[in-house]
Every structure is written in C-alpha cells, then in structure tokens.
Amino acid sequence: MYAQMVKTDGARIRSLDEMDPQERAFQERVDAGQKIEPKEWMPEGYRKTLIRQISQHAHSEIVGQLPEGNWITRAPTLERKAILLAKVQDEAGHGLYLYCAAETLGISRDEMYEQLHSGKAKYSSIFNYPTLTWADIGAIGWLVDGAAIMNQVPLQRCSYGPYARAMVRICKEESFHQRQGFDILMKMVKGTPAQKAMVQDALNRWWWPSLMMFGPSDDASVHSAQSMAWKIKQNSNDELRQKFVDQTVPQAEYLGLTVPDPDLKWNETKGGYDFGEPDWEEFFNVIAGNGPCNAERLNARKQAWDDGAWFRDGLTAHAEKAAERHGAAKVAAE
C-alpha cells in the first residue's frame, strides 16, 4: 500500500459494551465480514480514517508516475518504452479509481488536491528518492511494486466496499508491474559486468526505502490497531515487512545479487529471515518533507495543476452552457 502512518483519531479501541447501539451494530457487521457501503451509517472516525488512507494512496499513485516518467524518453528499446508508458498510464488510472472511492465518503477531488499541494496530505515516502539509472526502473517494479502488492492484496478484503473493489483491478495491474521490473533486472544481470553492477547499486539504494514502505514498526505504529479493528487494515506493519523479506531475498539470490543487510540470515525456528532495522530517522525525515526529491515531486504536481487550469475552466464553461441550453429547452417545452 502507498499509505503510511494514517491517523485514526482514536485514543484506544473500545469494547462493544462501551459503544452506543448504532456503533455496536456497525462493528458487529464489520466483525462478520460484511462490506460497508457509502450511504450506510459509519462512525465519523472510520470515515475520516478512510479519507486519509485512500487519498494518501491516490496521491502516491499520481506522484509515483514522476520517478518512472523521467525514463520514458530514455528507455533502451522501443519495446521497453511502450511497456513503461503503459505502466505509468496504469498508475494514473489507479489514482483515479482511488480518488473516486474517496469521493464516496464526502470529500471532493479538489479538496484532496488542495491537501496534497499544501502539504497537509502525504504520499508514500518511497517516491521521494531519485531514479538515477535504468536499473532503478527495474528495482522500482521489483521492490516498490512488490511491497505495494504485499500491502494491497489484503485491501481487497477491506471493510469499505468501494475501496475493496477498486483494489481488485489495481492488484492485477501491480502484479504486471512487478514482473516487468524483475524482467528488466533479469536481462541486465545477464549482460555486461557493468550492467550487473548497476543492478546491485540500484538494490543497495532501494532496499531500505522499500522496507520503510510498510510504515513504522508495530510498537511505534499507534494507529494500526484501530484500523485493524475496523478491518480497513488486515495485517500489522511488521507482519507484512517480514513476508516481503521472506519472498524477496530468494529472488535477489536468483538474480545473483547481495541484499545490503549484514544482519540478514535465515532463522530456521521461525521459518523466515532475521533482518536489520531500517533507519527510522531517515524515514521520519522524508515523511516530514526533507527527502532527496520531496520539493521536486511536490513542485511538479503543483505545476501540473496550474498548467491544467485552462482545461478545467473550459470544461466548467462547457458544462454551464450545456446546463443553460437544457434549462432553456425545458422552459420552451413547457
């Protein structure tokens, strides 16, 4: 998922006995695995949490086009160019699905854009790192989209219907993106020593930011428990991070690469890998807006919004004229 540190406004999880009848009925439906739909009653905290999470997810999909879009004109072959272009278009579509899902909760798209441009709303920390080489595009597909899939597949079981349904198509397309990235790296590691070294360098730079995508460790993730009680979130941050490492390390070995973690080792007892702790100081610094490309990414989005003003104005004027013609025709018919 491209959402991190989503606030829930809840100081603690309340028991069913502490809830009023309406909230208790809501929680019982969630516990039974039923989907909540837009026009149905929901706690205000649930609605606000979903708006924060879905909008942050949407912003991440849109901002996530920028690191890869930077390489469309520099892709090594026409086929790679076409594939990358299709992927970036997919990400734009994901953002639109998610903005539509968030709008069902009573927030407008303009409000969400304003929150992003003002810095009030965040997007995933991973998109504040630069893409320095073509191997970075492969690493993004393999690691970043791989981590996203790990987060997003459980969201298909999210308690909020529009969000869960949007994730079905998104997850299918993210699977294509992950395979596309791995295929880039497969070709490169079989190439020249310089190409393989480029892949190793990309892994070195993207490994730790990819682990940070799952958010802070469970003991520092104070809002996860409420999101899990509402079944917005299905797994804890550390559970998903462990699953990602266990899946990805064998893939790195298959590519002939070395994961840049001196603490990485197989733990027979737990049936998974032990691994080092990400640099959480770096994570919180990037989230605060001080990453390598924070200013660049946000300025690009603001510029795109400003550059599109003429088109939005044209659409509004057309809609107003159409409404006037419809009104005039209705009066004439009467």
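Leaving aside its neighbours within four places in sequence, which residues is Gln-65 in contact with? Some notes on that and other points follow.

1. Ground rules. This is a predicted model, so local features need pLDDT of at least 70 and side-chain atom pairs count only at pLDDT 80 or more, while totals for chains, interfaces and linings use all residues. Residues are numbered from 1 along each chain as its sequence is written, and side-chain values use heavy atoms, with hydrogens and water left out.

2. Gln-65. The residues in question are Val-88, Glu-91 and Ala-92, where contact means heavy atoms within 4.5 Å. Gln-65 sits in helix H3 (residues 65-69); helices here are DSSP runs of H or I with at least four residues, numbered from the N terminus. Gln-65 is buried, because its relative accessible area is 18%. For the cut-offs: buried is under 20% relative accessible area, exposed is over 50%, and partly exposed is in between, with a 1.4 Å probe and protein chains only.

3. The main core. The largest nonpolar core has 52 residues, and Trp-134, Trp-142, Trp-206, Trp-207, Phe-244 and Leu-255 touch the most other members. Such a core is a set of buried Ala, Val, Leu, Ile, Met, Phe, Trp, Tyr and Cys residues joined through side-chain atoms within 4.5 Å. At least two residues each come from helix H4 (78-103), helix H6 (134-152), helix H7 (161-189), helix H8 (193-212), H10 and helix H11 (280-290). H6 gives the largest share, eleven residues.

4. Another core lies apart from the largest one: it has 28 residues, among them Phe-26, Tyr-46, Ala-58 and Leu-105.

5. Helix H5. What does H5 (residues 109-118) bury? Met-112, Tyr-113, Gln-115, Leu-116 and His-117. Those buried residues pack against helix H2 (44-63), H4 and helix H12 (294-307). Gly-119 follows H5, and its phi is positive, near 90°.

6. Lys-231. Here is a positive phi in a residue other than glycine: Lys-231 has a value near 60°. Lys-231 is in the loop between helix H9 (224-229) and helix H10 (237-255). With a relative accessible area of 29%, Lys-231 is partly exposed.

7. Salt bridges across the sequence. The count is 14, taking a side-chain nitrogen of Lys or Arg within 4 Å of a carboxyl oxygen of Asp or Glu. Arg-165 pairs with Glu-37, and the closest N and O atoms are 2.8 Å apart. Glu-37 counts as partly exposed, at 23% relative accessibility. Asp-183 and Arg-80 also form a salt bridge, with their closest N and O atoms 2.9 Å apart. That pair links helix H7, which holds Asp-183, to helix H4, which holds Arg-80, 103 residues apart.

8. Asp-274 and Lys-270 form one with the closest N and O atoms 2.9 Å apart. Asp-274 is partly exposed, with a relative accessible area of 22%, and Lys-270 is partly exposed too, at 43%.

9. Aromatic pairs. There are 14 in the structure. Rings of Phe, Tyr and Trp (its six-membered ring) pair if their centres lie within 6.5 Å; planes under 30 degrees apart are stacked, over 60 edge-to-face, and the rest tilted. Phe-26 and Trp-41 make an edge-to-face pair, 6.1 Å centre to centre with 85° between the planes. Phe-26 is buried at 3% relative accessibility, whereas Trp-41 is partly exposed at 36%. Phe-26, Trp-41, Tyr-46 and Trp-230 form one aromatic cluster.
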